[in-house]
Amino acid sequence: KGLVSFITKGKVKYFSATNPSKILSYIDEKEKVLEDKKKKIEAQLPGLFSLTQRNKKKYDSQLYLGFEGIKTIIAEVLEQTPSNEEILIMGINLSRDQKYNILWKHWHNQRIKKGIKCKMLFSTENSDYFKLFSKMKKTEARVLKGITPASIGILGEQIIITTYGEDPSSLLIRHPEIVSSF
């Protein structure tokens, strides 16, 4: 690299530093090599992007377990939902841990801030929870008793099926044909 030189006298090596400006020359050389590598990679990027787009599935499904899993998926889906989208949710019942009601209240407040409309079908009526949602902006809440033990949310080309039983979980499905069947 040329930054240090040495001489040997007998069996002893004596080192001495070269001119400090040599360090800058060394860095300049390394920068040039890196810049050449960067240009080569940049030239390959369009091809790599087209490969990733070609291999992307138009559909997938994922299962999220427990409170943290449900919290993660609903936050992710809300972030991906455009403000002109309308969300449809059915099968909302109150036979679940209170922390889920708090989570959903917060989620719907975020949805309203984002300007997303929502139509909801509750399985139970005359509850404070139903009354709360009935009064929310950009929200239509109605009751249809005994729909389903799980709640189903339709958000664009995604469906979330959530159950709050012994093992709370949410199943996210991204599949245009399945979504259109709802």
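Reader: Is Ser170 buried or exposed?

Author: Ser170 is buried, with a relative accessible area of 1%, where buried means under 20% with a 1.4 Å probe and protein chains only. This is a predicted model, in which local features need pLDDT of at least 70 and side-chain atom pairs count only at pLDDT 80 or more, while totals for chains, interfaces and linings use all residues. Residues are numbered from 1 along each chain as its sequence is written, and side-chain values use heavy atoms, with hydrogens and water left out.

Reader: Which side chain does Ser170 have a polar contact with?

Author: The side chain of Ser170 has a polar contact of 2.7 Å with that of Thr162; here that is a pair of N or O atoms within 3.5 Å, one able to donate a hydrogen and the other to accept it. Ser170 itself belongs to strand 9, residues 169–174, a strand being a DSSP E run of at least two residues, numbered from the N terminus.

Reader: Changing topic, how much space lies in the largest cavity?

Author: About 180 Å³, counted as the space filled by probe spheres set on the grid points. A cavity is a set of points on a 1 Å grid where a 1.4 Å probe fits but cannot get out, and lining residues have an atom within 4 Å of a point.

Reader: And which strand gives the most to its lining?

Author: Strand 7 does, with four residues, and the residues nearest the centre of the largest cavity are Ile89, Trp104, Ser151, Gly153 and Tyr164.

Methods:
Buried < 20%, exposed > 50% of the residue type's maximum accessible area, 1.4 Å probe, protein only. 1 Å grid on protein atoms, 1.4 Å probe; cavity = no way out; pocket = protein on both sides within 12 Å on 5 of 7 lines; lining within 4 Å.
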